[in-house]
Amino acid sequence: MWRIDTSTTAGQVFIGLIVLGFLAFFVGMIPLMQALPPRGRRLLIGAVTFLAGAIFAAEFFLPVDKKGENWLSPAIEPAQSTLQIINALALGLGTYGLMRLHLRNIVQKRAQWGYSVVLILAFLAMGFFSVWNTLAEKGELPKTGFLNKGFGLLFDNMYIPLDAAMFSLIAFYIFSAAYRAFRIRSIEASILMFTAMTVMIGIVMLGNIISYSWLGLPVEQTPEMEKNPFSPANIAYNLALPRVAYWILQVLNAPVQRAIEFGVGIGGLAMAIRLWLSLERGVT
Amino acid sequence: MENRTFWQQMLLIDRRILYMILFANMIIFLLVPVKVKTVTSPPVRKFYDTIEQLHPGDMVMVSSNWGAGTIGESLPQFEAVIRHLMRKKLRFTILSFEPQARDISLRFATRFTKEGGYKYGEQWAHFGFMPSPAVAIKGMVKDLPATIKQDVKGIPISQLPVMRGVQTLADYKVVIDVTPSGTVSAWISYRPQNLKVLFCPTSVMAAEAYTFLDSGQVAGMLTGAIGAQEYEQLLGIEGLGTSFAKAISFSHALIILFVILGNIALFMSRRAQGG
């Protein structure tokens, strides 16, 4: 019902007409949206948002057959494909906006316009080699030495190290922030600090060195230790830093994370309902 | 300029000095050959055992969603996983839900498989980039070739020898999600029930994943480069994880040392001021 057979000429014509129809509709919507007063615009956007969301909600709540499907189920995949098309349009719009802004910077020679030149050159070079490389992988364009060198230089020798370097800067900020912020000012802060330290040491090889090499704590739990959980050997086994760190993560951290996730989930649901019903501000 | 005590100067230490100390610490421990045998944590052991239980020829899906930003943690995991899959003679396919993850995983997988003697199309394949994990997974559960259509080389995946006997995601045994983002929840939610999920998050994400590990929805986990190092130890290889873990380990020690020094400095300064 929701699929068109594109292998036939009739199907191809039909899908072409649908595309043209939607294009005409959306182009026609632009003057209409501009002509409408803000209240009418809000009403129209709200109605479209509600209808789009209602498809997903109705598909989820309507009774299903033995296959687990209802009459709306086949529409979900095309609807999600539409979302991907909208995402792709947003990407194109973002690229257009970025180029427009930086071209204007260059033309008007605004402050630090040199960076805009670098951005546009980098964008064009990476775009050129990426598209060529992707087409070459599919055998649609030749894979030449120039492509290998160009793409390798930009991707392997520039993009990867630059991106990795940007992300790794966080480690330095964390070091500086931890030095200044982790202070014993209250009981709660002290508990947090000692727990964090235990996990930090316990999960890395230093925890192993301290526990097993320096303190000589048992590495393995023998059947005898399992039988006598309060035996000194078993207590020593459980006091090893890696085991304490794992216990903190598994026993203390996991329930708290679950509680947070439940809270976030309920908050997300409330927010989704507000968005669906256009109760959030900024819909104009 | 007023006279400051050593501890007061410690409290006001320039952040650039801290950065230099951390930088020197990382460089030294990346280069110094320190060999420490560590105890394998239970999530890593479960991860390893899950792969070990598979039979040669079984299908594994590697969901590779990391980019260059997390290369320090994700690449050691990715490398160790691919090497283990090849050692077990398993067939595997790679899929990315992030555009840049497609290129990066393809380049590294091509390098590792060449070293391991794996042939593209016969023992492994790359499905490229798919947007929207939920839609892609739901589609693969119903009809995998119709959802993916073609691989990165433009070959219809139904024509790839590696895909023989594979029609849906249920024909796979394990999915391994190497990711710094939240894609694992989509795998958990929409996978076929027989498909086991193995997870390779970055260190900051691992804390959230213990709920899935606890419930059994995730069968095993490698936490960042440390997890990769433990995994390499089980495999008996020394890869990127082993060298990165040394630097991370001693950086943790340095941070703790400075946190302690900072607290002593605070205490001593207050005492000097009579506070």
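1. Strand E5(B), residues 196-201 of chain B, is largely enclosed by the rest of the structure, because six of its six residues are buried. A residue counts as buried if 20 or more other C-beta atoms lie within 10 Å of its own, as exposed if 12 or fewer do, and as partly exposed in between, with C-beta atoms placed from the backbone. Strands (E, at least two residues) and helices (H or I, at least four) are DSSP runs numbered from the N terminus. The model is predicted: local features need pLDDT of at least 70 and side-chain atom pairs count only at pLDDT 80 or more, while totals for chains, interfaces and linings use all residues. Residues are numbered from 1 along each chain as its sequence is written, and chains are lettered from A in the order in which they are written.

2. The two faces of E5(B) can be listed separately. B:Lys196, B:Leu198 and B:Cys200 point one way, B:Val197, B:Phe199 and B:Pro201 point the other way, and all are buried. In a regular strand the side chains alternate between the two faces of the sheet.

3. E5(B) runs parallel to strand E4 (residues 174-179) of chain B, to which six bridges join it; strands pair if DSSP finds at least two bridges between them. B:Ile176 stands opposite B:Leu198 in E5(B). From E4(B) the chain crosses through helix H8 (residues 183-190) of chain B to E5(B) in a right-handed β-α-β crossover. Right-handed is used where, with the strands pointing away from the viewer, the path from the first strand over the helix to the second runs clockwise.

4. Two bridges join E5(B) to strand E6 (residues 220-221) of chain B, again in parallel. In E6(B), B:Gly220 is the bridge partner of B:Leu198. E5(B), H9(B) and E6(B) make a right-handed β-α-β unit.

5. The largest nonpolar core has 100 residues, and B:Val60, B:Val81, B:Ile176, B:Val197, B:Ala209 and B:Val218 have the most contacts inside it. Helix H11 (residues 240-272) of chain B supplies the largest share of this core, ten residues. Such a core is a set of buried Ala, Val, Leu, Ile, Met, Phe, Trp, Tyr and Cys residues joined through C-beta atoms within 7 Å. Leaving aside neighbours within four places in sequence, B:Val218 is in contact with B:Val184, B:Val197, B:Phe199, B:Ala209, B:Phe212 and B:Leu213.

6. The contact between the chains takes 41 residues from chain B and 45 residues from chain A, two residues being in contact if their C-beta atoms, placed from the backbone, lie within 7 Å. On the side of chain B that touches chain A, H11(B) gives the most, with twelve residues.

7. In chain A, helix H10 (residues 241-276) has a kink of about 45 degrees at A:Asn253, shortly before the proline A:Pro255; the bend is the angle between axes fitted to the seven residues ending there and the seven starting there. The buried residues of H10(A) are A:Leu241, A:Pro242, A:Ala245, A:Leu249 and A:Ala254. They pack against helix H6 (187-202) and helix H7 (205-214) of chain A, together with helix H9 (203-215) of chain B.
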